[in-house]
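I would like the cut-offs behind each term to be stated along the way.

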Amino acid sequence: MIHGPVTFDHQSFSVGGQRIWLHSGEIHYFRHPSELWRDTLLRAKQAGLNAISTYFAWNFHEPEEGIFDFTGDRDIARFLDLCAELDLWVIARPGPYICAEWDGGGLPAWLLGKPGIRSRENDPTFMKYTRLWFDQVLPMIAKRQASRGGSIILVQ
């Protein structure tokens, strides 16, 4: 896998000065038991993908306020490291809101129950808790960026 600064122009992305084209598919680690991650990623690779786009579901990692879990099926670092091992680029999507198909958009139920909170706005309470989520997840992402020797090429 190529490492170095990620740039783009009107034709493609470049990593470390080498042009690449992304052929990406969505694979959400939290929808698969961790024992199936390798097989699922290998199947994506066999289908011609060279990149995986994945959400990071806040509600999956902080089911109770202040109690974060990044172990077992929730081990983001292990999933990202496996993608790198298999030479798959990653498009990391840490939210906080991830999608309409997931209850509350992946926001924790305890957060949405806070009196007066206005989610997905510049609400001070929402922003305080979003920062706490990002304090947990963004270091794992930053450490694995392509510019730092990892496979994360984009963060959305």
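The paragraphs below go from the whole chain to selected residues.

This is a predicted model, in which local features need a pLDDT of at least 70 and side-chain atom pairs count only at pLDDT 80 or more, whereas totals for chains, interfaces and linings use all residues. Residues are numbered from 1 along each chain as its sequence is written, and side-chain values use heavy atoms, with hydrogens and water left out.

The protein contains five helices and seven strands, where helices (H or I, at least four residues) and strands (E, at least two) are DSSP runs numbered from the N terminus. Along the sequence these elements follow the pattern β-β-β-β-α-β-α-α-β-α-α-β. For 156 residues, a compact globule would have a radius of gyration near 15 Å, and the 16 Å of the protein agrees with that; the radius is taken over C-alpha atoms, and the globule rule is 2.2 Å times the number of residues to the power 0.38. Taken along the principal axes, the C-alpha atoms fill a box of roughly 50 × 35 × 25 Å.

Of the 156 residues, 44% count as buried, a term that stands for under 20% relative accessible area, with exposed meaning over 50% and partly exposed in between (1.4 Å probe, protein chains only). The accessible surface of the protein comes to about 8,200 Å², and carbon and sulfur atoms account for 52% of this; such areas come from the Shrake-Rupley method with a 1.4 Å probe, and for residues only the protein chains shown count as cover. Among contacts (heavy atoms within 4.5 Å) between residues at least 6 apart in sequence, 70% join residues at least 24 apart.

A77 counts as buried because its relative accessibility is 17%, and, leaving aside neighbours within four places in sequence, A77 is in contact with M140 and R144. A77 and P94 are 17 residues apart in sequence, while their C-alpha atoms are 13 Å apart in space.

R144, one of the contacts of A77, lies in the loop between helix 5 (124–143) and strand 7 (152–155). With a relative accessible area of 11%, R144 is buried. The side chain of R144 makes a polar contact of 2.6 Å with the side chain of D81; here a polar contact is a pair of N or O atoms within 3.5 Å, where within protein one must be able to donate a hydrogen and the other to accept it, and residues adjacent in sequence count only if both atoms are side-chain atoms. Not counting residues up to four places away in sequence, R144 touches A77, L80, D81, G150, S151 and I152.

H61 counts as buried because its relative accessibility is 0%, and its side chain makes a polar contact of 2.5 Å with the side chain of Y29. Beyond the neighbours within four places in sequence, the residues in contact with H61 are Y29, I67, F68, D69, F70, R74, I76 and W133.

R31 is found in the loop between strand 4 (24–26) and helix 1, and at 39% relative accessibility R31 counts as partly exposed. Its side chain is joined by polar contacts to the side chain of H28 at 2.9 Å and to that of E101 at 2.7 Å. Apart from neighbours within four places in sequence, R31 is in contact with C99, E101 and W102. The C-alpha atoms of R31 and W21 are separated by 27 Å, although these residues are ten apart along the chain.

Some backbone details remain. A cis peptide bond, with omega about 20 degrees, joins G95 and P96, and P96 has its place in the loop between strand 6 and helix 4 (109–112). D87, which follows helix 3, has a positive phi of about 55 degrees although it is not a glycine, and D87 is partly exposed, with a relative accessible area of 40%. R120, in the loop between helix 4 and helix 5, is another residue other than glycine with a positive phi, near 60 degrees, and R120 is exposed at a relative accessible area of 54%.
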